[in-house]
Amino acid sequence: MSSCSSIKAPEDTNTTLSYLGQDVTQWRDEINKKYKRSEKKDTIVLFGGFTILQDKLVMSALQSLGENYVSLPNPDFESFRKGKSFGNRGQCNPTYFTVGNLVKYLLNLQEETGMSSEEIVKKYLYVTAGGCGPCRFGMYITEYRKALKDAGFAGFRIMSFQHNEGIFQAKDDEESMDFSPKFFITLIKAVIIGDILNLLTYKIRPYEVEKGSTDKAIDACHDIISEAFMKKKNLVVAMWHCRKVLEGVKLNRLQPKAKVMVMGEFWAAMTEGDGNYNLHRFLEAEGAECIPQPIIGRLMLSIWEAEYAAKKVEDVEESSASSIDFSNAKTKAMLFLAKNGIKTYFNLYTKAVGLHEYKIPNIEELSKLSRVYYPLDAEGGEGHLEVAHLLESVKHNLSHLVISVKPFGCMPSSAVSDGIQSLVISRYPQANFLSIETSGEGAANFYSRVQMALFKAKQSAKEEYEALNIPKEIPAKVHNYLYQPKGKMAGSAAKLIESIQQRGL
Ligand code: SF4
């Protein structure tokens, strides 16, 4: 497993160098980690960056641990502008949106409360995932610090945990955040439940009879789950209560809508706002059903990458007959436990809420699909996943259109994956694939390109549906979201008709 932690910054933070005959001072990342657990009742911990529902659920989940966690609002264009104003040039746009979002929040806080910068720096801190690797993700924390300093919040504390180092990152140290296994397990439970409710939202909302009824039901589910976290109630039972709420949404599922897989760079594909021009809502308004990428997919990719790295270490040991590295064996055991723990929670919650059809992404299977196209050793961004998603959609007829969303300035997604996608498309010309960049500007061009690709997808969905022999009598259960038959058709309505015919309903 690669790690940045072995790279030590020089001690001297004020090195003066001579450049073109002038004395210049080398910029250093000044790390302020002053935090005592005893101060926690006076400290507000900010975080954000998941979907809207997940941010809210994570806030309740972490508050239930006794810490004062507050989620930031969803990043918008104003966040992006703040990110560009205070950040370095040439960053990928998730950096601008997320860094700018924190700057925007603190500036608004200052304006609304009249607190001084020093008071804000003393009372607030921000927690985020850190990481290493060949993409700009490894630089995010430095970007936060640089932008905050330039915005007047020098010394603001940015705390991080490593996204690829599992749940045992806690330091038994009064001077650090409590990143204990309990913290991560609670966080992961909230993320998984958020993923499941998001997946259901995207399945149900395009077919709702009364506009807004799905969002209302999901709000009620949020309240149920939040209360379960705060009052330490059973989450499986809470998901069962959500099932009853969701069943109350009246649906007309026999509408042949284009099914669109939305994938690409993790943040750009997942965010639900200006960061991708509200792509999911736009597609639904244009008559499509989205297949979103749940965060759990990224989590499973991180575990797979760590397993892959551990396997390579093992192969070297075997071939060189060197002694067994027990730390590698321990890593493998931890990864096995993490993977199976996530699967267990996921299966318990999906069963309770009634998401029968969805299977947790199998990264090993996806890697087999993509490895002839994408070298599995190449990490960064979504690794081989983007190529694998297009291949699985074409080979298993999962959607009428695959949209790959890539932020402006993203190296792994634009430069690597898209180069390879052109080879995939040349071998599978039937694929309806759109790779589209989000720059934070140029929305009209973005929407117009999506509409063009969607036109073809809608035609395919209509033709697929109309080629079927539609029965005169339709059983009522077809309109209940709990009825999720498997089938060969891509469209949901076509799949339902296919199942009625096959089962003689
Ligand atoms: S994958 Fe791309 S957009 Fe995402 S952090 Fe890395 S460089 Fe930026």
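Modeller: A residue is called buried here when its relative accessible area is under 20%, exposed when that area is over 50%, and partly exposed in between. Phe446 has a relative accessibility of 2%, so Phe446 counts as buried. Tyr447 has 25% and therefore counts as partly exposed. Please keep in mind that this is a predicted model.

The rings of Phe446 and Tyr447 form an edge-to-face aromatic pair, with 5.9 Å from centre to centre and 80° between the planes. A pair of aromatic rings is described by just these two things, the distance of the centres and the angle of the planes. The structure holds 18 aromatic pairs. Another of edge-to-face type is made by Phe80 and Tyr96, where the centres are 6.1 Å apart and the planes stand at 85°. Phe80 belongs to helix α2 (residues 77-86) and Tyr96 to helix α3 (residues 93-113), so this pair ties together parts that are 16 residues apart in sequence. Phe80 is buried, with a relative accessible area of 4%, and Tyr96 is buried too, at 6% relative accessibility.

Both pairs belong to one cluster. Ring pairs link Phe77, Phe80, Tyr96, Phe97, Trp267, Tyr277, Phe282, Phe446 and Tyr447.

In soluble globular proteins, nonpolar side chains tend to be buried together. The largest nonpolar core in this model has 85 residues, and Ile225 and Val353 touch the most other members. Helix α6 (residues 181-204) gives the largest share of this core, 13 residues. Domain 1 (16-177) and domain 2 (256-292 + 383-466) each supply at least three residues to this core. Apart from it lies another core, of 22 residues, including Tyr202, Leu279, Val450 and Ala461.

Ile225 is found in helix α7 (residues 213-230), and its relative accessibility is 0%, so Ile225 counts as buried. Leaving aside neighbours within four places in sequence, Ile225 is in contact with Leu57, Ile193, Leu197, Leu235, Ala238, Met239 and Cys242. The C-alpha atom of Ile225 is separated by 38 Å from that of Ala444, which lies 219 residues away along the chain.

Helix α14 (residues 385-395) has 10 of its 11 residues buried, so this helix is largely enclosed by the rest of the structure. Among its buried residues are Glu386, His389, Glu392 and Ser393, as well as Leu385 and Val394. The buried residues of α14 pack against the strands β7 (258-264), β9 (401-407) and β10 (433-438) and against the helices α11 (295-320), α13 (363-370) and α15 (411-427). Just after α14, Asn397 takes a positive phi of about 50°.

As for the whole, the protein has 17 helices and 10 strands. Its radius of gyration is 24 Å, close to the 23 Å that the globule rule gives for 505 residues, so the protein is as compact as a globular protein of that length. Its C-alpha atoms fill a box of roughly 80 × 55 × 50 Å along the principal axes. Buried residues make up 50% of the 505 residues. Of the contacts with a separation of 6 or more, 75% are between residues 24 or more positions apart.

Methods: Residues are numbered from 1 along each chain as its sequence is written. This is a predicted model: local features need pLDDT of at least 70, side-chain atom pairs count only at pLDDT 80 or more; totals for chains, interfaces and linings use all residues. Side-chain values use heavy atoms; hydrogens and water are left out. A nonpolar core is a set of buried Ala, Val, Leu, Ile, Met, Phe, Trp, Tyr and Cys residues joined through side-chain atoms within 4.5 Å. Buried means under 20% relative accessible area, exposed over 50%, partly exposed in between (1.4 Å probe, protein chains only). Helices (H or I, at least four residues) and strands (E, at least two) are DSSP runs, numbered from the N terminus. Domain bounds come from an automatic or database domain assignment. Contact means heavy atoms within 4.5 Å. Rings of Phe, Tyr and Trp (its six-membered ring) pair if their centres lie within 6.5 Å; planes under 30 degrees apart count as stacked, over 60 as edge-to-face and the rest as tilted. The radius of gyration is taken over C-alpha atoms; the globule rule is 2.2 Å times the number of residues to the power 0.38.
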